[in-house]
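Hi there,

Here is the structure I promised to pass on. Have a look at it first, and my notes on its salt bridges follow below.

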Amino acid sequence: MAKTKGDLIQGTLDMLILKTLALEPMHGWGISERIQQWSDDVLQPNQGSLYPALHRLTRQGWIASDWQTTENNRRAKYYRLTAAGRRQLDEETEHWLRLSRAVDRVLQTV
Amino acid sequence: MRWLTDLWFRALALVRGSRLDEELQEEIAFHLEMETEKNLAAGIEPEEARRLARRHLGGAERVRLHTRDAWGVRWAQELLLDLRYGLRSLAKTPGVTGASLTILAVALAAATALFSLVDGILLRPLPYPAPERLVAVWETHPERSEKNVVSTASFVDWTERERVFEDLGAYYQEVGIGLTGEGDPLQVTAAMVTPGVLTTLGVDASLGRTFVPEEGEDGDADVVILSDGFWRRRFGADPGILGETVRLDGVEHRVVGVMPPGMAFPTPGTDVWLPLQFSESARNDRKSHSLRVVGRLETGISLEAAEEQMNRLEAALAEEHPEFLSGWGVNLVPLHEETVGQVRPALAVLLGASGLLLLLGCVNVANLLLARSVNRDREIAVRQALGASRSRLIRQLLTESLALGLLGGAAALPMAVWATRSLRALAPAGIPRLEETAVDTRVFAFAFALTLATSLLIGVLPALRSSRTDPADRLHVGPPTSADAGGTRPLDLLVVCEVALSLVLLIGAGLLGRSLWTLSRIDPGFEFRGVLAVSLDLPRSSYAGTAEHLRFYEHALERVRALPGVVEASAISDPPLIGAGTSRSFILEENPERQRSAETVDYRLATDDYFRTLRIPLLEGRVFGPSDRQDSPPVLVVNEAMARRYWPEDDALGRRLAFNAEGPWYEVVGVVGDTRYKDPEAPPPPAMYAPLRQKTWEWMSWMTLLVKTDGDPHTLAEPARQAIWEVDPDLPILATRSVEELAADALSRRRFHTTVFALFAGVALLLGVLGLYGVLAFSVERRRREIGIRMALGARKGSVTRLVLGRGAGLAAAGIALGTVVALGLSQLLAALLYGVRATDPATFVTVALVLGTVALVACLPPLRRALKIDPARVLN
């Protein structure tokens with residue numbers, strides 16, 4: 001795994017999970033897939049850290065989960081965003097944008 | 001609210017962890033399936049598709065473990081596990097565990113009980129509003145006491161002119177008065193107080209009212225306030241008591257109020273409060289000092305500033321009345337200090353002793369735990385080899401110690417309650433505020449935290465030590481060898497400390513014990529065996545004056561003498577060992593200049609037989625006889641101390657003195673031996689005796705009958721009471737006790753603190769010796785192999801004995817040496833409590849060291865026996 005793509009620092013993974021769930025409730029594998037698709041395969045969440053992150057976010061009350069049936073008629077645990085989670089997402093998004101703009105500016109300086 | 005969600009999640013995870021785990025496994029399985037399907041759809045072989053999916057996830061088991069970590073309950077789960085394991089492992093060594101628990105509990109309980117007592121008596125503020133502003137007000141004179149009772153006129157002048165007190169009140173120390181009416185006449189403890197006393201203290205009645213100002217001036221004086229306890233005991237807490245009357249000293253008094261429970265002023269035993277009124281002559285009486293005064297300082301004025309202002313006022317008064325007041329000043333003492341100052345040194349010492357005991361308890365537990373841990377090196381090495389991290393090991397051992405500490409604390413709490421109660425029960429009467437003490441939870445918490453910290457600290461040592469070495473090394477070693485002896489060095493150090501601490505406490509107990517022994521063998525100057533003391537006070541309502549008093553005492557003594565078993569009977573106004581005593585100032589005939597208002601000498605009325613009843617020796621001249629009548633020339637008998645003080649060069653016989661410049665003159669007709677008075681620790685004070693028949697002060701209405709018998713004086717108590725009631729059926733009898741008991745009572749406080757200290761020292765000795773025994777036994781156990789080899793190589797019993805005893809003796813000697821040094825420093829703190837023995841008394845130090853050394857050697861014997869029984873053939877195979 002090249003360092004240039006794929007590895008995500010923890011806070012970023014949390015933010016991406018929240019963002020994914022902002023659209024609709026989803027199970028763990030689906031979240032992983034969707035992040036990969038949306039980033040045009042640039043971001044590949046390490047699936048080893050996906051589940052700990054999901055459980056931690058649940059504990060923090062930002063997402064909640066229940067068991068549902070998938071379209072293929074399989075039982076899966078679906079996560080959805082809570083109100084607190086939505087606020088957290090907004091906060092983190094804003095924080096991220098500010099940070100990335102700042103990094104951009106630094107990089108563009110000659 | 002997020003923390004609440006968090007907590008809820010964790011709690012759920014803790015309680016339903018297995019279900020969460022199942023769900024997680026299902027979740028992971030689902031993930032793998034989806035990933036595999038995706039791979040299959042991409043045209044990958046099924047086998048390879050599954051492998052890739054698993055690789056992509058990064059190992060199902062690892063994901064599971066990491067996710068469980070995210071629940072945030074791992075530590076709690078492990079704690080439960082450790083706790084279970086710890087308890088099991090504690091149960092596996094019941095001896096050590098039991099000993100540690102007992103020691104912990106005893107030390108904790110003792111420290112808590114004693115500190116609770118000290119806290120209740122010394123530290124907690126008095127139970128009045130803004131108690132820091134309350135002061136006791138005394139007059140002072142360089143030649144009299146620093147805390148002299150106040151003259152009525154001074155008090156009246158103060159109340160009119162002072163500017164420093166919000167309120168000021170005067171009272172007489174409790175007096176016993178008779179309650180008559182229903183049943184046997186009863187003695188109640190009354191406090192005569194001006195209304196200002198109650199407003200100064202800021203205590204309101206719980207029922208009815210306190211005194212109104214007029215009742216302290218010229219209003220109705222026949223009113224009474226009852227104490228809560230007396231109201232409940234005597235009147236069954238009848239709320240209708242207000243307005244009813246009770247008969248006190250033969251006079252009907254109207255009940256106007258009931259005080260709240262806990263009102264303990266002037267003393268806890270006060271049953272009733274009566275208003276104190278001053279007659280016109282009393283208001284101008286500057287000569288006799290008899291009042292106690294309590295005041296509440298104005299807000300914002302300091303004690304020093306108030307005292308300075310009062311002294312300025314006293315100086316101004318002295319200019320107006322130089323003949324009475326020159327040289328007098330005013331002394332303000334915080335009421336709290338006044339109440340408990342007397343018991344402070346003893347309690348402080350006891351507190352120090354309990355602190356040492358607590359320390360000793362901690363050291364002892366440390367010792368036992370450490371000894372235990374040395375044996376667990378291998379267990380820890382195994383755990384380490386199996387992958388336990390250092391922090392995990394530390395946590396496990398901490399949990400175990402925690403369990404021990406918690407169990408010890410749990411055992412100590414009921415013991416502390418019990419010990420506090422026992423201490424209260426053991427304490428002699430008259431310790432101020434004793435009834436306010438209770439087990440203090442803060443104190444218990446502190447002592448508990450201390451022992452807990454100790455056990456935790458010690459518990460973690462083996463884990464720390466083990467991490468220094470490679471577990472492989474320790475897994476290889478066979479049975480312990482002498483090389484391991486180095487591991488017991490901390491143990492040795494602790495044992496030395498223990499022995500030293502025991503020695504310090506034992507020396508303290510030894511010094512106090514010697515003081516008590518010296519005091520109890522002091523010659524009081526009289527023979528108290530076989531004498532019953534019956535205290536009486538004739539109420540003014542039925543005994544108007546001296547003639548009535550004389551008649552009564554004559555009849556009463558006659559009846560008592562006639563009782564079977566009575567050898568003789570006499571009477572004295574203030575018998576040795578009880579009573580506040582009465583003292584008078586006087587003029588010497590040959591040296592009238594020596595009269596000073598400040599100088600007074602104890603004055604007692606006695607019947608002719610008094611000196612014989614108590615076997616007080618007549619040194620010169622004669623004692624009273626029938627020839628000393630009301631109309632014959634007045635005479636006095638003085639004691640040796642008085643003769644020596646006033647006529648050091650000449651014979652006292654034939655000297656004359658008077659209580660007023662106008663006379664009459666009293667001739668000294670005899671000199672008798674000194675008797676120790678109220679305080680057996682003080683040298684006998686000068687005293688003079690006047691014959692009862694020549695009594696002049698009408699108000700001196702009290703006498704104590706002394707009844708001598710060949711047998712047990714207690715058997716005479718009831719007959720004596722009946723004999724007195726034959727003369728006056730309404731007379732309350734204040735007390736009937738044997739003089740021997742009174743003598744014992746006089747030392748009761750000292751006996752109390754000496755006993756408690758000795759108890760502590762006893763426990764300390766036990767702990768110290770247990771510690772020594774434990775370390776030796778442990779060391780013999782560890783060195784079995786070495787000793788076996790030595791024996792196999794021809795070492796004789798003598799050299800094994802030297803090996804074991806030498807080590808024990810070495811430890812004990814080091815402890816004794818250390819303890820001696822510490823005790824030399826600390827025993828100075830005891831100086832205030834010692835009598836007839838110096839704080840560095842060599843005899844006590846040597847004796848205690850010998851005792852401790854002997855006991856220590858005895859403690860070495862069981863381990864020695866075990867060492868000698870070692871069979872080389874068995875330990876070496």
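**Salt bridges**

B:Glu786 counts as buried, at 12% relative accessibility (buried means under 20% relative accessible area, exposed over 50%, and partly exposed in between, with a 1.4 Å probe and protein chains only). Its salt-bridge partner is B:Arg790, with the closest N and O atoms 2.9 Å apart; a salt bridge here is a side-chain nitrogen of Lys or Arg within 4 Å of a carboxyl oxygen of Asp or Glu. B:Arg790 is partly exposed, with a relative accessible area of 40%. Both residues sit in helix H26 (residues 784–792) of chain B, four residues apart, about one turn of the helix (helices are DSSP runs of H or I, at least four residues, numbered from the N terminus).

Please keep in mind that this is a predicted model, in which local features need pLDDT of at least 70 and side-chain atom pairs count only at pLDDT 80 or more, while totals for chains, interfaces and linings use all residues. Residues are numbered from 1 along each chain as its sequence is written, chains are lettered from A and ligands numbered from 1 in the order in which they are written, and side-chain values use heavy atoms, leaving out hydrogens and water.

B:Glu718 and B:Arg721 also form a salt bridge, at 2.8 Å between the closest N and O atoms. They are three residues apart in helix H23 (residues 717–727) of chain B, about one helical turn.

B:Arg604 pairs with B:Asp602 in another salt bridge, at 3.5 Å. B:Arg604 is buried at 2%, and B:Asp602 is buried at 17%.

Over all chains, the search finds 44 salt bridges.

Best wishes

Conventions:
Helices (H or I, at least four residues) and strands (E, at least two) are DSSP runs, numbered from the N terminus.
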